[in-house]
Amino acid sequence: MTVDRARLASLLAGEAARFAAEHPRSLALAQRAEASLLGGVPMPWMVRWAGGFPIFAAAASGAHLTDVDGHRYLDLCLGDTGAMTGHAPAATVEAVAWQARRGFTFMLPTEDAVWVGEELSRRFGLPYWQFALTATDANRFAIRLAREITGRRLILVYNWCYHGTVDETFVTLRGGRVVPREGNIGPPVDPALTTRVVEFNDVPALEAALAPGDVACVLAEPALTNVGIVHPDPGYHAALREITRRTGTMLILDETHTISAGPGGYTRVHGLDPDMLTLGKPIAGGVPAAVYGVTEQVAGRIRARSRIDLADTGGIGGTLAANPLATAAMRATLEHVLTESAYQRTIPLAERFASGVAAVIGEHGLPWTVQQLGCRAEYWFRPVPPRNGGEAASAVDSDLERYLHLAALNRGILLTPFHNMALIAPEVTEADIDRHTEVFRESVGGMAGVALLDAEAVSRPGL
């Protein structure tokens, strides 16, 4: 089946009209917000929701979210991983409430911080940890440490990577040149001065980029996720580790999204051996918190270059970092929510999601593909899985993506707005997954001229 663009435009217009009609309170709030919030939203990327304005959330629990118009959604976005543990997990809520009555922030450690450090060491194999508020901060701090202990200026990232709002990582390749990524707001310096960029899975390019011995660190997701799931080729991580060691380059693995692979992330599942590891988003059940860990060797090099009297002026920290509220949330989430048993439930459900999408793709002969990474799955508009960020980015189809997202949203299913990603919370059921498959089948069928199920037939039974 080929996509009829005229029909797609007609379907999209119909879905947009339905969305506006069924979300009057969200529309009113969006219009009101334009007078006080830049762009009508509290964060710029919230304009990316498919309906032309975002739904305004009222409450969420487990795998479901309710908006201010009373619609209840199966949430497969889960805060783009921030709520991967499910919304408001009971153990985390209880821990946060308990700590809130005793104080939010002290600039002092708590016993929970020691427990969290010990648990992170057990899960990931790196012995020493520090806390931050976001994965962006954790990545920035890790980069600073790598530059300090190597004495090198440059870092290396992969084309179409995402590591939060780290200046050095908002770059891409264009005609073989390192340039600011399109949309990069006010880059402080030319990123070619700070960053080298290569394509994922390209060992010769990696070798050439690190050969001069002037790169402090490689900052990498173990598998790309933010431009669609891109798995490493067999042997790629072994090559990455060998080349970085040989060239004296630190290896930082960002597990913020790839924690979907298991309770110890992709690192533990595949036995990787980074010098540093960063993690944010779901580690505290959605409460802002992040961590970064280092090996014994890296810790020794840091200690050798540290002075206690300058510990507060190194550009690493943040007054609210390691606050007891976030630390209590991390402990509860790691101990009771982000557990092996949770993944034993969610990973098979992600497999079911991927299988259902693949079946629909096959039924209609679409040149699309679907990938899975633990409890994360994503479909893409290309016939074979991409091997790097450039291939993945070239398959972006904004109109098609918006239609499929909006059709799902109008039928009670929330997908991640930036791409075609689904995350599976522990409370999701097989029936929920099968419902997504049916909505996806009907949405694709609509492009082929098959009537979409009417509003009553796909209203939200059981959600």
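Start with a cysteine: the sulfur of C77 sits 13 Å from the closest cysteine sulfur, which belongs to C375, and that is too far for a bond. Seen from the other end, C375 has its closest cysteine sulfur in C77. A disulfide here is a pair of cysteine sulfur atoms within 2.5 Å, and by this rule the count is 0. What about the surroundings of these two residues? C77 is buried at 6% relative accessible area, and C375 is buried too, at 2%. The cut-offs are simple: buried is under 20% relative accessible area, exposed is over 50%, and partly exposed is in between, using a 1.4 Å probe and protein chains only.

Keep in mind that this is a predicted model, where local features need pLDDT of at least 70, side-chain atom pairs count only at pLDDT 80 or more, and totals for chains, interfaces and linings use all residues. Residues are numbered from 1 along each chain as its sequence is written, and side-chain values use heavy atoms, with hydrogens and water left out.

Now for the charged pairs. A salt bridge is a side-chain nitrogen of Lys or Arg within 4 Å of a carboxyl oxygen of Asp or Glu, and a search of the whole structure turns up 23 of them. One of these joins R18 and E22, at 3.1 Å from N to O. The two are 4 residues apart in helix α1 (residues 5-22), so about one helical turn separates them. Helices, by the way, are DSSP runs of H or I with at least four residues, strands are E runs of at least two, and both are numbered from the N terminus. R18 is buried at 17%, whereas E22 is partly exposed at 24%.

Other bridges reach further along the chain. R241 pairs with D275, with the closest N and O atoms 2.9 Å apart. Because R241 lies in helix α7 and D275 in the loop between α8 (265-270) and β11 (276-279), the pair ties together parts that are 34 residues apart in sequence. R241 is buried, at 9%, and D275 is buried as well, at 10%.

D434 and R352 also meet in a salt bridge, at 2.9 Å from N to O. D434 is in helix α14 (residues 430-447) and R352 in helix α11 (residues 340-363), so this pair links parts 82 residues apart in sequence. Here D434 is partly exposed at 36%, and R352 is partly exposed at 32%. There is a network too: salt bridges link D112, R331 and E335.

Next, some helix packing. Two packed helices are described by the angle between their axes and the distance between the axes. Helix α6 (residues 203-210) and helix α7 (residues 236-246) pack at about 10 degrees, with axes 10 Å apart. Axes are lines fitted to C-alpha atoms, for helices over the stretch in contact, and angles run from 0 to 180 degrees between N-to-C directions. The two helices are therefore roughly parallel; angles under 35 degrees count as roughly parallel, over 145 as roughly antiparallel, 65 to 115 as roughly perpendicular and the rest as oblique.

Which residues of α6 meet α7? They are V203, L206, E207 and L210, facing Y236, A239, L240, I243, T244 and R246 in α7. Contact means heavy atoms within 4.5 Å.

Finally, T267 is in helix α8 and is buried at 2%. Leaving aside neighbours within four places in sequence, T267 contacts F124, L253, E255, L272, P274 and L277.
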